[in-house]
Amino acid sequence: MKRLFLLSAALMGAALSAAPTAARAITLASAYTPLGGTQWQVDLTLTADALMPGISEFTVYFALGLDANLVATATPATWSAFVAQPDAGLPADGLVDYLTNVGTPALAPGLSQGGYHVTFNHLGSGAPGALRYEIIDPDTFAVLATGQSVVSMVPEPASAALALAGVAILAAALRRRAPTRV
């Protein structure tokens, strides 16, 4: 009986440790929109870990040699942004550092905050990829967490209109081909 209890407890522990823990992760979502030529906009949304103290500072890195001309075009009202361009002389990646304004509470555990927008030139081929980020303690400058952003693409308005027009033409062609019933 005791052995059966220990075996079932071990199995239960293994099952619980294998359970998903998505609510316990910090995520940075990066949604890219092409603006024409090499210019892109990335919209960032930060989700705080439910078990970590609130987030008051984070830094997003843009790769040296792949990205240039960083501009923080929008920032939530309770946050400030600092931009440093990629610098081949150091060499160093570019970055945008976001910090809560004095007297403003941190992003609370388990909550999300969007409204961080950066425009930049992507010098690489194809679309930009995941961005490296760090969660920083603004008092000690210690790195509390690191990660890569979760990437999504926002279609160009012209591409969406073109796709919609194609569907309309296809629907019209199918209607003409359909046999009429008498």
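Colleague: Which residue in strand 10 is the bridge partner of Ala-29?

Modeller: That's Val-150. Before going on, keep in mind that this is a predicted model, where local features need pLDDT of at least 70 and side-chain atom pairs count only at pLDDT 80 or more, while totals for chains, interfaces and linings use all residues. Residues are numbered from 1 along each chain as its sequence is written, and side-chain values use heavy atoms, with hydrogens and water left out.

Colleague: How many helices and strands does the protein have?

Modeller: Helices (H or I, at least four residues) and strands (E, at least two) are DSSP runs, numbered from the N terminus. Here there are two helices and ten strands, and along the sequence they follow the pattern α-β-β-β-β-β-β-β-β-β-β-α.

Colleague: Back to Ala-29, then. In what sense do strand 1 and strand 10 pair?

Modeller: Two strands pair if DSSP finds at least two bridges between them. Strand 1 and strand 10 have four bridges, in the parallel sense. They belong to an open sheet of five strands in the order 4-7-2-1-10, with mixed pairing. Strand 4 and strand 10 (150-153) are at the edges with a single partner strand each, so one side of each has no neighbour in the sheet. Ignoring direction, neighbouring strands here are turned by 25 degrees against each other on average; axes are lines fitted to C-alpha atoms (for helices over the stretch in contact), and angles run from 0 to 180 degrees between N-to-C directions.

Colleague: Which residues touch the most other members of the largest nonpolar core?

Modeller: The general idea is that in soluble globular proteins, nonpolar side chains tend to be buried together. A nonpolar core is a set of buried Ala, Val, Leu, Ile, Met, Phe, Trp, Tyr and Cys residues joined through side-chain atoms within 4.5 Å. Buried means under 20% relative accessible area, exposed means over 50%, and partly exposed is in between (1.4 Å probe, protein chains only). The largest core has 25 residues, and Phe-58, Phe-62, Tyr-98 and Ile-135 touch the most other members. Strand 1 (27-36), strand 2 (39-47), strand 3 (57-62), strand 6, strand 7 (112-122) and strand 8 each supply at least two of its residues, with the largest share, four residues, coming from strand 2.

Colleague: Which residues is Ile-135 in contact with, leaving aside neighbours within four places in sequence?

Modeller: Contact means heavy atoms within 4.5 Å. On that basis, the partners of Ile-135 include Ile-26, Leu-46, Met-52, Phe-58 and Val-143. For the whole protein, 64% of the contacts with a separation of 6 or more are between residues 24 or more positions apart. As for burial, 28% of the 182 residues count as buried.

Colleague: Where is Thr-73, and what does Thr-73 touch?

Modeller: Thr-73 sits in strand 4 and is partly exposed, at 44% relative accessible area. Beyond residues up to four places away in sequence, Thr-73 touches Gln-41, His-117, Val-118 and Thr-119. The C-alpha atoms of Thr-73 and His-117 are 5.5 Å apart, although 44 residues separate the two along the chain.

Colleague: What is the mean pLDDT of the protein?

Modeller: pLDDT is the predictor's confidence in each residue, from 0 to 100. The mean is 82, and 71% of the residues reach 70 or more. Over residues 2-24 the pLDDT is below 50, and that stretch has three contacts beyond near neighbours in sequence. Residues 160-165 also stay under 50, with zero contacts beyond four places in sequence.
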